[in-house]
Amino acid sequence: MQRRAHAPAAALAAAVLAAALTACSGGAGADGGDDSKPGQAGSTAPAAQPGKYRSLPEPCGYVNRDTLRRLLPTPGDDETDRDTLAKLYKGQAAITYDTDRRVGCRWKLEAPQGSRHLTVDFERVVSYQPGVSDEQRAEQLYGRRASAAHIPVSSGSPSAPAASASKGASSGPHPQGGAQSGSPAPSASRPGAPSASGSPAGGASLAPRALDDLGDDAFIDDKLITAGSGVHRDINIVFRSANVIVTIAYDQWSADKQHVPGSEDLQGKAQTLARELDAGNFNN
């Protein structure tokens with residue numbers, strides 16, 4: 001009789017243990033579920049809308065070589081060793097841990113009188129917030145970038161930042177590896193201000209601003225910075241296409257502080273590259 005009394009208790013304990021194991025193992029996908037979203041099977045929250053882009057391009061090969069020649073002009077292809085040119089235009093891929101989520105490439109042209117650097121970065125945004133799509137999350141992240149760069153954004157824009165807490169944030173390390181610790185030139189820290197020679201560095205159209213003809217949202221930023229080794233102008237373009245945010249960082253260094261890199265030329269070349277990247281539809 002005692003054995004019969006213990007049998008139901010043992011069966012009940014086994015059933016409870018099996019249910020617990022099922023609950024622990026049921027939440028993970030076979031491949032780790034990196035892009036799984038709240039609101040899918042077994043959840044009461046609405047599923048978030050997946051993004052348009054599910055992968056990213058190979059960044060070093062995505063930029064047209066003729067475009068690279070214009071952004072990184074050498075004294076002359078005939079005067080430059082072919083191996084040197086091949087290495088220059090090949091670029092150096094950024095180290096990332098998930099090439100489906102973020103990729104980048106960097107090019108640099110060194111010369112005695114100065115240098116130029118170009119970096120292209122692609123970030124595919126995936127939302128893990130219930131009811132927030134990948135594209136909506138990308139809009140939020142873009143809005144923060146625009147706010148940090150003090151870019152005027154229309155209050156009616158879906159990417160208009162809700163707060164300005166990120167104002168004054170550091171722009172991060174310079175492509176050469178050092179922080180941007182140099183102080184802006186007193187009279188030419190922004191395009192449109194008088195340059196060292198007293199002439200305008202650029203019209204109002206060259207000021208940091210939103211761009212209406214690039215991606216779903218876009219802005220361009222322009223800084224002139226003096227440092228102990230010379231002067232450099234940094235051009236940054238950030239644009240969003242659906243759930244992908246693309247960042248272009250393009251700068252020119254001059255060892256001669258009397259030779260100030262101009263906004264018009266650098267901005268024009270950076271915008272040309274941005275439009276080419278956008279038009280390529282990221283190879284999807």
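Hi everyone, a definition to begin: on a 1 Å grid over the protein atoms alone, a pocket is an open set of points where a 1.4 Å probe fits, with protein on both sides within 12 Å along at least five of seven lines, and its lining residues have an atom within 4 Å of a point. Volume is the space filled by probe spheres set on the points, which are joined across faces, edges and corners.

This is a predicted model, where local features need pLDDT of at least 70, side-chain atom pairs count only at pLDDT 80 or more, and totals for chains, interfaces and linings use all residues. Residues are numbered from 1 along each chain as its sequence is written, and side-chain values use heavy atoms, leaving out hydrogens and water.

On confidence: pLDDT, the predictor's confidence in each residue from 0 to 100, has a mean of 74 here, with 62% of residues at 70 or more.

Now, the second largest pocket holds about 610 Å³ of space. It has 25 lining residues, and Leu-88, Lys-108, Leu-109, Glu-110 and Ala-111 are the closest to its centre.

What about aromatic pairs, meaning Phe, Tyr or Trp rings (six-membered ring for Trp) with centres within 6.5 Å, stacked under 30 degrees, edge-to-face over 60 and tilted otherwise? There are two. Tyr-62 and Phe-122 have ring centres 5.7 Å apart and planes at 85 degrees, so they are edge-to-face. Tyr-142 and Phe-219 make a tilted pair, at 5.7 Å and 50 degrees. Tyr-142 and Phe-219 are both buried, as are Tyr-62 and Phe-122; buried is under 20% relative accessible area with a 1.4 Å probe, protein chains only, exposed is over 50%, and partly exposed lies in between.
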